Amino acid sequence: MPDNATSLAVSLFSEILAVDQLARASVAKVLPKGMELSHFSVLNHLAHSGAERSPAQLAKTFHLTRGAMTNTLHKLEWAGWVHIRPDWDDARRKMVSISPSGLSARDAAIAAIAPVIAEAVAKVGEEKVRIALPVLREMRLKLGQID
């Protein structure tokens, strides 16, 4: 990679990592009491998918170890936000679904997060965000193929 391309790549990833850190901190501050960003992410994924997932599938989706996902799922189950049941076809596996209270908690989190995100978009400008989204989406897809 030529020096200019390397410099561009380093600058881009530095900005992405900084934005990620700041966005996570901003969102984490407004989440409902007792909810962590990892909890919200799993609840949001389950709500969007509308289907049960195994802990292994969730770990793969979030690029986590199975142990890390199991820990998060235990916390979500303890809070009553997910249901974990045995897989009827394979007793060694479990299946996870979002509970009605988990859906309510996720909706409360969305309501708390939305103004923070909307303010950030307004400060940058909607048109700039619309222009950036396809590039960021393509980068996500390309980086996802590497794993």
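In this predicted model, helix α4 buries M69, T72, L73 and L76. These residues lie on the same side of α4, because they cover an arc of only 100° around its axis. After the helix comes G80, with a positive phi near 85°.

Helix α4 also takes part in the largest nonpolar core. This core has 20 residues, among which L31 and M35 touch the most other members. Two or more residues come from each of α2, α3, α4, β2 and α5 (100-124), and α2 gives the largest share, five residues. In general, nonpolar side chains tend to be buried together in soluble globular proteins. Leaving aside residues up to four places away in sequence, M35 touches F40, L43, W81, A105, R106 and A109.

The side chain of R106 meets that of D107 in a salt bridge, with 3.0 Å from N to O. R106 is buried, because its relative accessible area of 14% falls under the 20% cut-off. D107, at 40%, counts as partly exposed.

The model holds seven salt bridges. Another of them joins E52 and R85, whose closest N and O atoms are 2.7 Å apart. This pair links distant parts of the chain: E52 sits in the loop between α2 and α3, whereas R85 belongs to strand β1, 33 residues apart. Both partners are partly exposed, E52 with a relative accessible area of 30% and R85 with 23%. D87 and R93 form a further salt bridge, with 2.9 Å between the closest N and O atoms. Here D87 is buried at 8% relative accessibility, while R93 is partly exposed at 40%.

As for annotation, an unreviewed UniProt entry assigns "domain: HTH marR-type" to residues 5-141. In the model, that span is 73% helix and 7% strand, and its end C-alpha atoms lie 20 Å apart.

How values were computed: Residues are numbered from 1 along each chain as its sequence is written. This is a predicted model: local features need pLDDT of at least 70, side-chain atom pairs count only at pLDDT 80 or more; totals for chains, interfaces and linings use all residues. Side-chain values use heavy atoms; hydrogens and water are left out. Buried means under 20% relative accessible area, exposed over 50%, partly exposed in between (1.4 Å probe, protein chains only). Helices (H or I, at least four residues) and strands (E, at least two) are DSSP runs, numbered from the N terminus. The arc is that of the directions from the helix axis to the C-beta atoms. UniProt positions are given in the numbering used here, feature names are shortened, and annotations may be inferred rather than shown by experiment. A nonpolar core is a set of buried Ala, Val, Leu, Ile, Met, Phe, Trp, Tyr and Cys residues joined through side-chain atoms within 4.5 Å. Contact means heavy atoms within 4.5 Å. A salt bridge is a side-chain nitrogen of Lys or Arg within 4 Å of a carboxyl oxygen of Asp or Glu.
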